[in-house]
Amino acid sequence: MDKKTIAVFFGGKTPEHDVSIVSAISSVIKPLRLSGHRVVPIYIAKDGNWYTGDELAEIRTYQTGKIEAIVAKQKPLTISVNDGLTIIPDGRERKAVRIDIAFPVMHGSYGEDGSLMGFLRMANVPFVGCDMEASVIAMNKILAKQTAHANDIPTPKYLAFRKSEFEKNRAEVLRKINNALKFPLFVKPPHAGSSIGITKVKTERDLENALEVAAHYDEAILVEESIENLIEVTVPIIGSDEPILGNVERPMHLSSDGVFDFETKYLSGGKKGGKGGKSGKQGAQGYSEIPAKLPAELYRACEDTAQKMHQAVGLSGIARVDLLIDSKTNVVYFNEINPMPGSLYAHNWVVKGMSNVALVEKLLDYAARDFEKRARTNTTFATNFLKQF
């Protein structure tokens with residue numbers, strides 16, 4: 001691809017704010033610069049203000065706490081969306097920068113959930129990753145499970161509740177869960193990523209507290225049966241019409257109760273749970289088996305399930321489909337979708353033979369193609385309606 005001006009969006013009003021910073025700087029900004037592209041970092045602070053500047057593309061800015069001083073003295077940027085996307089630092093028109101392609105590296109709410117994609121569509125600028133509708137479904141675990149069910153893709157049995165329903169009548173919600181589902185259970189905030197707010201509940205005694213935790217992070221609550229005899233795998237995918245699958249990967253690095261939680265993914269450095277080995281790779285979550293050592297037929301079943309969900313949801317750009325396997329029955333269950341995997345899941349693509357630089361270049365190509373495809377769809381309609389008034 002010809003050299004472009006790329007706006008990289010990261011941070012955000014989300015519990016995954018810090019994870020987004022690491023993903024953007026290490027896995028997107030660095031390889032984009034190595035490719036010769038001009039990078040415009042757009043940091044979204046926890047209060048929702050947007051900033052830009054070269055210092056915001058350096059990880060030490062955030063490690064040392066310098067970011068607080070920068071945002072305290074710097075004016076938030078101004079954005080123009082007239083005939084494309086233009087960034088105006090500190091509101092100074094003479095420094096305006098027109099963006100060729102947007103690269104959202106947002107995890108969780110107000111970004112990965114489709115919010116930012118809707119804005120970028122309105123701005124009429126190409127962007128990397130899943131489109132708005134697919135992002136909304138992927139980041140709502142309830143909608144994603146309903147999509148799986150509608151397409152005859154196995155998914156664990158579940159119930160969903162509004163936070164207001166739980167707060168209004170806790171006893172009734174607890175009764176419904178106990179009557180419909182079998183312990184152990186997982187209780188989840190359906191819009192959160194990075195396993196934030198997820199609790200494994202083994203007995204009725206701990207259920208109410210787990211529901212309170214999920215309600216702290218979301219306006220809805222998802223409760224689903226645990227798949228025992230569990231093998232958990234993930235399948236990264238890029239593209240849309242003719243997607244390319246990464247390796248089926250098996251995280252071997254679980255918490256003490258078998259939960260692939262935030263601490264296990266990001267904070268334990270490959271030392272907690274699981275045992276390393278020569279066939280393993282160090283990913284964002286520590287030790288993983290890449291590719292997963294599964295019987296050939298089961299491996300293909302994982303690929304097939306991931307592809308079916310990719311098509312059913314309409315994923316594009318980059319995504320990761322998480323699956324659960326019952327090792328006794330060999331049934332593959334859909335678990336959830338991550339429409340912007342942490343650090344682009346670059347460690348998996350490297351094993352597939354694709355460098356981080358090649359990966360971001362391919363994603364830019366997909367963004368341009370998807371933009372051209374959307375541009376061919378007519379979204380206006382001429383009528384005589386207004387002449388009636």
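Colleague: Is Lys75 buried or exposed?

Modeller: In this predicted model, Lys75 is exposed, because its relative accessible area is 57% and values over 50% count as exposed.

Colleague: Where is the place of Lys75, and with which residues is Lys75 in contact beyond its neighbours within four places in sequence?

Modeller: Lys75 sits in the loop between α3 (66-73) and β4 (78-80). Once the neighbours within four places in sequence are set aside, Lys75 is in contact with Tyr51 and Asp90. As for Ile290, 215 residues away along the chain, its C-alpha atom is separated from that of Lys75 by 45 Å.

Colleague: How is a pair of aromatic rings described?

Modeller: Such a pair is described by the distance of the centres and the angle of the planes. In this structure, a search of the whole model finds six aromatic pairs. One of them is formed by Trp50 and Phe119, with 5.8 Å from centre to centre and 85° between the planes. The pair is edge-to-face, because planes over 60 degrees apart are classed in that way.

Colleague: Which parts of the chain does the pair of Trp50 and Phe119 link?

Modeller: The pair links distant parts of the chain: Trp50 belongs to strand β3 (residues 50-52) and Phe119 to helix α4 (residues 115-123), 69 residues apart. Together with Phe9, these two residues form one aromatic cluster. Phe119 is partly exposed, with a relative accessible area of 27%.

Colleague: In what order do the four strands of the open sheet stand?

Modeller: The order is β13-β12-β17-β18, and the pairing is antiparallel. At the edges are β13 (244-245) and β18 (331-338), each of which pairs on one side only. Strand β17 (residues 318-326) is joined to β18 by seven bridges. Opposite Ile325 stands Val332 in β18.

Colleague: Which helix packs on the sheet?

Modeller: Helix α13 (residues 356-375) does, touching β12 (230-238), β13 and β17. The direction of α13 makes about 60° with that of β12.

Colleague: How do the axes of α1 and α13 cross?

Modeller: The axes of α1 (residues 17-34) and α13 come within 9 Å and cross at roughly 90°. The two helices are therefore roughly perpendicular to each other, since that description covers angles of 65 to 115 degrees. On the α1 side the contact is made by Ser26, Ser27, Val28, Pro31, Leu32 and Leu34, and on the α13 side by Asn356, Val357, Val360 and Leu364. By class, this contact has seven nonpolar, three polar and no charged residues.

Conventions: Residues numbered from 1 in each chain as written. Predicted model: local features only at pLDDT ≥ 70, side-chain atom pairs only at ≥ 80, totals over all residues. Heavy atoms only, no water. Pairing = 2+ DSSP bridges. Contact = heavy atoms within 4.5 Å. Axes fitted to C-alpha atoms, helices over the stretch in contact; angles between N-to-C directions. Parallel < 35°, antiparallel > 145°, perpendicular 65-115°, else oblique. Nonpolar A, V, L, I, M, F, W, Y, C, P; charged D, E, K, R; others polar. Phe/Tyr/Trp six-rings, centres within 6.5 Å; stacked < 30°, edge-to-face > 60°. Buried < 20%, exposed > 50% of the residue type's maximum accessible area, 1.4 Å probe, protein only.
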